[in-house]
Amino acid sequence: MTRPHVVFLGHGAELTGPPILLGHLVAGLAATGGYDLTVITARSGPLLDQYAASARTSSLGPSREPFGRTSAALRRIGAERTVAPLQDWSRRRLTRKAPPADLVYVNGATPPTADLLRALDPPRSTPVVLHVHELDIGLRLNLDDDRRRMLFDRADHVIAASGAVARLLVGGHGLAEDRLTTCPEFVDTAAIHPLAPEAARATAGIPVDALVVGSVGLPDWRKDPDHLLRAVQHLRTIHPALDPWVLWVGGEPASADGRRAADEARRLGLADRFRHVAHQDRPDRLLGALDVFALPAREDALPLAALEAGAAGLPIVCFRTGGVADLCDLGAGTTVAYPDTAAFAGAVAALLANPAERARVGAAAQALVRSQHDSAVGVARIQAVVDATLEAAGR
Amino acid sequence: MYLLELLRGLDRSGLRFTVVLLRGGELLGELQDLAEVRVVGEPVDTAVARPQRRAEEPARVRARRAQLADLDDVDLAIVNTAWSIQALPWLPEPPRRLVSVVHELGAGVAGLLDRPALAALLASDGFVAGCSAVAAMLEDDLGVAAHRIDLIPYGVAQRPVDLAPVDRTQLDAADDAFLVVAAAVPDRRKGPDLFVHLAAAARRRRPDIAWAFRWIGAADDDPRLADALADRALLGAGDAVRFVPPTPDLRNVLAAGDAFVLPSREDAFPLAAVEAALAGLPLLCFASGGIGDLVEPDGGALVPYPDLDAMADVLAVWHDVPATRSSAGAAARDRARRNHDAADHARAFDAAVLRGLHRPPVPSG
């Protein structure tokens, strides 16, 4: 019997949540031996090699958009109208090299994945699964009406990356519940190996006996390191004895976002207590420096960084603005209303001040992530959706 | 805007002015009416620029030098903003005298200038600070001797003195709303996102008040507002917060409000606050930068950065006790009239910086 051919469309192959998860998914499906797999990404990146170990792989290149430099030059000379057709042509050329798909899996509701799907233009008889990792900012602000409508109209089935995404899709976008399955994000829990606290803190330049709260991710507006810094400043006023350090891992300190975070730390009088470590291929190693993992994001579907922190046995504090809140409600940490900085500070302080409680909540987080968010569990959930969709389409 | 107002106010008799700009902008035409202007382009930011952009920089520097090659006999160079010191090496000869007008606070100077540029700035013969916070920063953080600093308070054109507040419908605000206004370009430093959070905090703490928050300086579709607009949606504050395009009639637009707030993360001395004071509004800002010169002791309130709840509480008091806001507004207006007149600033600048340079015009024929 011929193995079904599944074509994955991704926005990129960089070391961020959805591309990392796609790597786990492709590897997991390939390991079953039951699928023929192709991965097409709009942007290349370090994960392409990992994808290539399990699937035929291609990408449009390293630019943020196809023919990036040519497109910029065309815009400079006023030939803006020629850019979209040129880019569409390059997408069509790439996607049509792939053998006909039995199922198209769109990993993320983003402009690049929408454009790839439009270019691939699979026949109506070919089912499409849309995996939504985005919340309101991503769906309403980053995706225009045309692309959003096309993605949701074309999808035969939708996978929500967390309960928060599912609630938004049903309540905010009117998606029928029977078209939706929640498959929470997952990580390879066996691969999480934090350094010992002494080594991790030495790497980050933090005293070994300090209390440390921190996070992992791009230090951008959505992840909002400023909010964590404001919370810690507030914490120092209400619990001066705790005087924690703040560690942010990810992004680039010299970038505009990195400099903004450093400026905020300086304004808040935290410059000597704030450490920003640039992106690491193994951010889990520096989780060993933390006592509490903080997720100050305005919204985040279910960041892998938080799952890795849970797998490392760290208690979590977050705003009730995304999927991690569900994890905390099950015992992995504390959730407070957005944007209540004082409450966030209070939740962090309560954990920092009580080592036994930190250990108890951290152990609960670890157990939850290992049982519910390990890649073996996560891949099996998605595989069930893929198989059911293929079966419904008679493939 | 500062440079434009300064050029308008200075006695330019017997002087030849050349303005070298790192970039153009909407004021270019007005500047060209007052002086010869050359736009040479921004220096590359080596920390974030792509390799190709960095590689192109030497050629760009050569082009800038060629553009300024005839400026080889400069009596006085006035560097307007510390950042602009980076244009100094592009002059063919050092000027006989260098005066730097510093508008930035700590992050704007020590944090943004590289070591050579900072050294060039500190080698200035004199400095002008428009507010005490910048003077203190120069002295305390950068080690500039006090006698090298002229503190000349910022000013704005005082006319028209009589106000004609616009109708609130222009701001899409009801007559019975408590109208909180801000005015600034919508960059992150000025805090349009914090303005949105302030509106949400005010409504959370005092839901009984009909709040209307209006930021003058950018329309709702301005891409620089993307973050603030996303926050507005997340916080459900769309009905309370609006962004309004810039207006040439700023003072009368501000005068339609009940209170002025500027939630800048960092601001040496926002001239919009002077405009608001001249419009008779009480002023509410964070206790950072130099705005305290205008606000304290009785022209409004300063709260610690970033305490938005405290800001919301001040606004609620001003709503509940109108006499407090009107007395604060009157005090702010009096101080703005007394201390922050652009004509006074230009006269003092002339005396401190241009002294000895004015030459009698050569008789024609």
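This is a predicted model: local features need pLDDT of at least 70, side-chain atom pairs count only at pLDDT 80 or more; totals for chains, interfaces and linings use all residues.
View 1. On the side of strand 9 of chain A, the residue opposite V212(A) is W245(A). On the side of strand 11 of chain A, V213(A) has V292(A) as its bridge partner.

**View 2. Burial of strand 8 of chain A.** Five of the five residues of this strand (residues 212–216) are buried, so strand 8 of chain A is largely enclosed by the rest of the structure. Both of its faces are covered, with V212(A), G214(A) and V216(A) buried on one side and V213(A) and S215(A) buried on the other.

**View 3. The open sheet of six strands in chain A.** The strands of this sheet follow the order 10-9-8-11-12-13, and their pairing is parallel. Strand 10 (274–277) and strand 13 (333–336) of chain A stand at the edges with a single partner strand each, so each of them has one side without a neighbour in the sheet. On average, and with direction ignored, neighbouring strands of the sheet are turned by 20° against each other.

**View 4. The contact between chain A and chain B.** Here 13 residues of chain B are in contact with 15 residues of chain A. On the side of chain B that touches chain A, the most is given by helix 8 (residues 226–234) of chain B, which supplies three residues. The residues on this side of chain B comprise seven nonpolar, two polar and four charged ones.

**View 5. The largest nonpolar core and F260(B).** In soluble globular proteins, nonpolar side chains tend to be buried together. The largest nonpolar core in this model has 224 residues, and those with the most contacts inside it include L247(A), I316(A) and V348(A) as well as A199(B) and F260(B). Helix 7 (residues 192–205) of chain B gives the most to this core, with eight residues. When residues up to four places away in sequence are not counted, F260(B) touches, among others, V181(B), A182(B), L254(B), A273(B) and L283(B).

Conventions:
Residues are numbered from 1 along each chain as its sequence is written. Chains are lettered from A and ligands numbered from 1 in the order in which they are written. A residue is buried if 20 or more other C-beta atoms lie within 10 Å of its own, exposed if 12 or fewer, and partly exposed in between; C-beta atoms are placed from the backbone. Helices (H or I, at least four residues) and strands (E, at least two) are DSSP runs, numbered from the N terminus. Two strands pair if DSSP finds at least two bridges between them. Two residues are in contact if their C-beta atoms, placed from the backbone, lie within 7 Å. Ala, Val, Leu, Ile, Met, Phe, Trp, Tyr, Cys and Pro count as nonpolar, Asp, Glu, Lys and Arg as charged, and the others, Gly among them, as polar. Axes are lines fitted to C-alpha atoms, for helices over the stretch in contact, and angles run from 0 to 180 degrees between N-to-C directions. A nonpolar core is a set of buried Ala, Val, Leu, Ile, Met, Phe, Trp, Tyr and Cys residues joined through C-beta atoms within 7 Å.
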